[in-house]
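Colleague: Could you take me through the backbone of this model, please? I would like a close look at one part to begin with, and then anything else along the chain that deserves a second glance.

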Amino acid sequence: MNLTFFSFGSGSCGNCYYLATDTDAILIDCGIGIRRIKKNMLEYGLKIGKVKGMIITHDHADHIKSAGKLSKEYAIPVYTTPLIHDGMDRNWQSSVKIPVENRHHIDKEEPFEIGSFRITAFSLPHDASENVGYYIEVGDYRFTVMTDVGDVTENVRNYIQKSTHLILEANYDEEMLQQGRYPEILKERIVSGHGHLSNKKSAIALAENFHEHLKHVWLCHLSEENNHPELARKTVETTLRSYGIIAGVDFSLEVLRRKIPTGPFQLGEMANCQFSLPFEG
């Protein structure tokens with residue numbers, strides 16, 4: 001089975017990811033403009049008709065801005081927890097709400113299916129109504145999304161260990177944040193444990209939980225003010241190298257761009273690969 005991953009945008013200006021097999025697709029968050037989504041899909045030959053569902057990580061505007069519009073226009077079901085659905089209803093920046101008939105409630109740690117995808121939501125710390133990551137099983141792929149992560153929790157460690165492909169937040173460089181122009185209250189919020197994950201924390205989490213089946217990592221949700229793509233990449237690469245792990249040799253490392261598409265990535269190398277992960281009961 002082949003898998004295609006595409007990022008429409010990743011950052012505070014809007015987040016939206018597309019994951020597809022040959023027959024089905026899902027969207028992970030929908031925080032960019034609907035016109036931009038349609039334009040990018042047309043330009044890159046992606047099919048909106050393949051989208052069988054949308055999964056939402058949390059209710060901040062940069063993750064849900066167009067979810068209601070897209071769901072209504074294309075009758076796309078939207079899956080997330082009851083608390084996140086409620087938070088989306090309260091968010092004034094999302095002008096069109098999810099139609100009632102398209103709302104699907106899920107429970108954390110309880111797998112559900114959308115087309116070919118078997119999906120499990122799990123808790124992540126962030127200052128939203130609720131915040132979840134997603135562990136997506138399809139064929140031999142174990143594709144995990146962890147964005148807007150306040151701290152490296154047991155869930156972060158466990159799901160890195162389960163993944164063959166991973167989207168992981170690397171939001172800010174610690175020195176740039178402290179020396180930058182953000183007000184102190186915002187700086188405190190970012191580092192609070194319910195804000196965002198720094199390059200260094202992301203790098204250490206990867207290094208300490210790396211395993212031979214982890215094939216591809218994308219760094220996501222980089223801050224425009226307090227980070228830079230090459231800095232994030234260098235921090236992760238240097239930290240991993242100190243653990244004897246070489247990006248580009250032991251696995252592939254990419255940085256998702258904030259305002260323009262990244263991809264598409266054709267992830268065909270896992271096809272027909274059989275393995276058994278010791279941490280999966």
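Modeller: Let's start with strand β14, which spans residues 262–266 and contains Pro 264. Keep in mind that this is a predicted model. The peptide bond leading from Gly 263 into Pro 264 is cis, and its omega is near 5°.

From there, have a look at phi. His 221 is not a glycine, yet its phi is positive, at about 55°. You will find His 221 in the loop that links β12 (216–220) and α9 (229–242). Is His 221 buried or exposed? With a relative accessible area of 3%, His 221 is buried, because the cut-off for that is under 20%.

Glu 109 is another residue other than glycine with a positive phi, in this case near 65°. Glu 109 sits in the loop between β6 and β7 (112–114). Its relative accessible area is 41%, so Glu 109 counts as partly exposed.

Within α4 (residues 82–90), the buried residues are Ile 84, His 85, Gly 87 and Met 88. They lie on the same side of α4, because the arc they cover around the axis is only 160°.

Terms used:
Residues numbered from 1 in each chain as written. Predicted model: local features only at pLDDT ≥ 70, side-chain atom pairs only at ≥ 80, totals over all residues. Heavy atoms only, no water. Buried < 20%, exposed > 50% of the residue type's maximum accessible area, 1.4 Å probe, protein only. Helix = DSSP H or I, 4+ residues; strand = E, 2+ residues; numbered from the N terminus. Arc of directions from axis to C-beta.
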